[in-house]
Amino acid sequence: MALAFDEYGRPFIILKEQEQKTRLSGLEAQKANISAGRAVSRILRTSLGPKGMDKMLQSPDGDVTITNDGATILEQMDVDNQIAKLMVELSRSQDYEIGDGTTGVVVMAGALLEQAERLLERGIHPIRIAEGYEMASRIAVEHLERIAQKFDFGPTNIEPLVQTCMTTLSSKIVNRCKRALAEISVKAVLSVADLERKDVNLDLIKVEGKVGGKLEDTELIYGITVDKDMSHPQMPKQIEDAKIAILTCPFEPPKPKTKHKVDIDTVEKFQTLRQQEQKYFDDMVQKCKDVGATLVICQWGFDDEANHLLMHQNLPAVRWVGGVELELIAIATGGRIVPRFQELTPEKLGRAGLVREKSFGTTKDKMLYIEHCANSRAVTIFIRGGNKMMIEETKRSIHDALCVARNLIRNNFIVYGGGAAEISCSIAVEAAADKYPGVEQYAIRAFADALDAVPVALAENSGLQPIETLSAVKSQQIKENNPHFGIDCNDVGTNDMCEQNVFETLIGKQQQILLATQVVKMILKIDDVISPSDY
Amino acid sequence: LSGIRISDFPKHRAYDQVFFLCTKTQSYSRPSYFPWRCIEKILKDDASEEKGERARMASFVGAIAITDLVKTTLGPKGMDKILQSTGRGHEVTVTNDGATILKSLHIDNPAAKVLIDISKVQDDEVGDGTTSVVVLAGELLREAEKLVAAKIHPMTIISGYRMAAECARNALLQRVVDNKENAEKFKSDLMKIAMTTLSSKILSQDKEHFAQLAVDAVMRLKGSTNLEAIQIIKKPGGSLKDSFLDEGFILDKKIGLGQPKRIENAKILVANTAMDTDKVKIYGARVRVDSMSKVAEIEGAEKEKMREKVKKILGHGINCFVNRQLIYNFPEELFADAGILAIEHADFDGIERLALVTGGEIASTFDNPESVKLGHCKLIEEIMIGEDKLIHFSGVEMGQACTIVLRGASHHVLDEAERSLHDALCVLSQTVNDTRVLLGGGWPEMVMAKEVDELARKTPGKKSHAIEAFSRALVAIPTIIADNAGLDSADLVAKLRAEHHKEGCNAGIDVISGSVGDMAELGISEAFKVKQAVLLSATEAAEMILRVDEIITCAPRKREDRM
């Protein structure tokens with residue numbers, strides 16, 4: 001390691017405790033980083049596509065997750081290596097931004113790194129490679145826009161949306177009933193979507209799961225489910241035309257924030273205090289009753305006395321409802337969240353056509369359904385499945401499908417899936433490479449090769465001959481000048497993705513290419529890795 | 001592959017019963033196949049990764065080990081397991097219930113955990129078939145292992161299994177019997193189901209007695225699946241035959257001193273209120289006095305308050321008062337003076353059930369006596385079961401709830417009897433809702449296997465191998481039942497298969513006589529809902545495990561070794 005001396009010949013301390021750290025620099029650092037990134041992408045490679053396999057992850061506490069969602073795998077993998085962590089970040093940001101294609105983006109980045117390694121060996125400077133990649137990604141994104149197709153749907157014609165969601169779901173374990181789930185997702189998104197503003201607030205869609213039953217029993221509820229039951233076992237289990245008071249104040253005597261004391265020194269005071277207390281409870285319940293509420297939903301608990309009074313006044317109540325759920329209930333029923341009893345007015349009550357308690361299985365699991373709400377903008381997808389892992393995986397899959405549907409509503413351009421878009425981009429980038437003078441040309445060409453990685457992985461996972469299939473599809477695309485040809489993963493017999501109805505969203509694809517390029521650029525620019533060595 | 005190793009593992013967790021089974025062979029858990037120097041540390045220390053064939057192998061080994069563990073408990077001649085807990089006291093449980101066994105295992109293999117999970121869900125959802133579901137899933141994986149070895153891609157196997165499961169379900173649907181209309185027949189169906197379920201448990205000696213108990217209890221529920229209304233009281237002593245169903249309600253409490261031991265035409269107030277001193281609930285209140293006399297005054301006021309409360313309670317015109325919380329001496333004395341039976345500290349479930357049974361409501365305030373619904377019953381008396389005194393409420397209004405008193409030689413027997421009865425009650429209550437019924441004794445498996453076999457013959461392509469394998473896995477269940485009974489399974493199953501090629505055959509394995517018999521005549525039935533749940537969840541679990549091609553295990557969280 002380099003040492004620096006001052007004018008008297010004493011060594012400077014540049015790195016503290018230098019001997020305890022390992023350091024990699026120059027080409028070696030880049031190669032080490034590249035291979036770390038590739039190792040991560042190799043793990044995900046087999047999960048790509050409809051025939052991709054799942055990964056089983058065991059958490060530090062011994063819980064098992066089975067998934068094929070790229071972001072989930074990487075997040076739970078307990079990664080230690082810095083570069084590998086960057087890849088995890090990459091997948092996560094794709095997940096936040098787009099929600100789907102989290103596996104694809106990592107595979108793409110891995111392929112770019114692999115190509116970069118070869119170029120580095122030929123002595124091309126990493127910055128030049130990075131610049132070349134940047135140019136190539138711009139070409140690819142522009143090309144995607146050119147081949148993208150506008151895609152029409154409306155509230156009545158949801159078929160195209162369903163088809164796209166099915167493409168997403170087909171790579172998950174739930175592909176057995178992808179049709180049903182895709183329809184549920186699309187309906188859910190459409191019912192919360194603001195088609196004018198082209199915006200969808202996914203927070204309004206609640207995805208709940210309960211173990212038991214079969215996947216086919218999964219349903220879309222135009223309303224809210226709450227995993228709670230009535231506070232008193234003898235309260236009515238079903239309320240029609242409910243008027244709901246949504247409270248965030250407890251059914252308890254007030255607790256002023258300022259510190260105070262009530263001193264009791266005589267018997268009279270003791271008795272008045274007691275009467276006051278009782279009156280307080282009575283007033284609270286009476287207040288709810290007076291405004292016409294027929295159901296009270298409270299964020300806090302209430303003690304036995306209040307509970308009985310409510311029961312007595314025939315006012316069903318639900319306690320300990322979480323803040324998020326409370327908000328959703330307020331949105332769905334058009335009610336207002338009331339923080340104080342004094343502010344309770346009839347206008348602030350929410351309305352729901354039907355509130356019912358439903359019990360499941362042989363255990364005493366109960367859930368509260370709030371349906372036929374005044375405002376049907378908040379919906380719940382209620383998942384049933386054989387076991388916990390299945391439910392979790394279904395939740396993730398539904399989330400992906402919801403994101404895809406949302407993206408399509410935001411921007412209704414699509415490209416064709418099954419690797420068709422990548423192959424088409426690869427051809428375009430390859431053709432454009434020759435126009436660039438200078439070293440970047442090589443990087444651009446390498447980028448084109450890297451784009452082929454996704455269709456190759458798809459073909460491999462589907463048990464096809466990767467190179468043969470890819471070259472056949474590529475030549476077909478060039479010959480017929482038609483970017484619809486992709487890899488026929490499901491063995492349908494045609495590789496025209498237009499016929500197979502395999503779509504992906506344009507923004508999803510663009511984002512994949514841009515994010516992958518960015519991360520690769522960042523990794524290439526690192527030329528020194530200093531880390532504490534093993535002990 | 002060295003397979004299973006039962007070792008004493010460091011005691012990480014205080015499970016009630018922990019039985020260690022470590023199915024992970026250590027030899028291939030370290031990632032030593034990274035050719036690059038720096039990559040070894042992508043995962044944290046101690047985290048491991050298994051890929052492709054190895055991962056699949058690890059899953060198969062784990063799943064099959066679990067299956068082999070529970071499969072000897074299957075069927076009427078299945079054996080029990082002893083589970084010893086590592087917790088304090090090394091408590092021992094003897095059981096034959098699949099879910100109970102699996103819940104207590106300490107498993108380190110992720111695939112095995114999937115199987116345990118499905119068994120748990122089966123228990124929660126339908127209550128019975130917890131062993132069958134694990135055995136079927138295990139057999140499916142065992143067959144899949146062979147197929148994978150024959151170079152068939154897991155995805156192909158999965159799609160074959162899916163087709164087969166669908167076909168099997170349809171086959172069952174065609175053969176179900178639904179006696180919903182005919183109450184008489186339906187009752188006998190329930191009876192048969194209860195007997196079939198109980199025959200594999202410890203209660204098999206007295207299965208008729210217990211089946212009758214269970215059916216009666218469930219019929220009282222009138223279609224609700226709320227098993228909480230059925231109270232099970234366990235009292236050691238006597239024999240299992242002495243167990244009985246009580247139409248009324250039994251509370252495991254004593255009657256307060258000086259209070260009447262027998263009340264006829266009781267009016268009961270069920271309450272949940274503090275009967276010591278009422279706390280002042282207003283925040284920040286405190287008592288400040290400056291002389292002894294004032295303390296006495298306040299105390300007097302407190303007593304007065306309690307007296308008032310009792311008076312209010314008395315104002316309801318009751319002669320029995322049941323409270324969830326403690327009743328202090330002072331109010332108890334007041335109650336005794338008024339000749340009222342006061343029962344303190346009844347547990348939460350007890351209160352709810354009592355309210356349900358007597359038709360009263362649970363009260364916490366006593367200001368408007370006219371609007372509180374009181375509970376009624378014909379007679380309250382103290383009864384003796386074995387050595388213990390209990391309070392018996394009979395002639396109650398609402399017939400929904402009831403109590404089953406279990407008697408038996410020891411706690412272990414009673415615990416197991418309770419589990420068995422719980423299974424039977426679960427199945428019955430589910431059957432009341434879904435009245436479709438099938439025959440038992442391996443009959444459904446054979447019906448499914450036959451249809452699935454036919455499907456395999458019609459299906460072109462590699463899938464047909466998987467479909468065939470599915471049918472083999474189904475046949476494994478009657479085979480195991482026969483094996484467990486010490487019968488010649490190969491011969492019996494072959495006979496059974498031949499029988500089933502006739503139209504409308506009712507043949508199954510008659511374990512008692514050791515031959516193929518007519519299940520309809522023998523009266524062996526099972527609920528369709530249970531069988532369907534077994535079939536679907538087992539297929540789902542097998543599919544899930546098959547899809548895995550990589551296992552990544554995180555480093556176990558460090559815990560201090562307290563032991």
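Student: Is B:Val287 buried, exposed or partly exposed, and why does it get that label?
Tutor: B:Val287 counts as partly exposed because its relative accessible area is 46%. Buried means under 20% relative accessible area, exposed over 50%, and partly exposed is in between (1.4 Å probe, protein chains only). Keep in mind that this is a predicted model: local features need pLDDT of at least 70, side-chain atom pairs count only at pLDDT 80 or more, and totals for chains, interfaces and linings use all residues. Residues are numbered from 1 along each chain as its sequence is written, chains are lettered from A and ligands numbered from 1 in the order in which they are written, and side-chain values use heavy atoms, with hydrogens and water left out.

Student: Which strand has B:Val287 in it?
Tutor: That's strand E11 of chain B, residues 285-287. Strands (E, at least two residues) and helices (H or I, at least four) are DSSP runs, numbered from the N terminus.

Student: How many residues are in contact between chain A and chain B?
Tutor: 85 residues of chain A touch 86 residues of chain B. The two chains bury about 7,700 Å² between them, 55% of it on carbon and sulfur atoms. Buried area here is the accessible area (1.4 Å probe) that two parts lose on being put together, summed over both.

Student: Switching to A:Thr168: which helix is it in, and what does it contact?
Tutor: A:Thr168 is in helix H6 of chain A, residues 159-169. It counts as buried because its relative accessibility is 8%. Leaving aside neighbours within four places in sequence, A:Thr168 contacts A:Asp100, A:Asp400, A:Ala401 and A:Val404.

Student: What about chain A overall, how many helices and strands?
Tutor: Chain A has 17 helices and 20 strands. Buried residues make up 58% of its 535 residues.

Terms used: Contact means heavy atoms within 4.5 Å.
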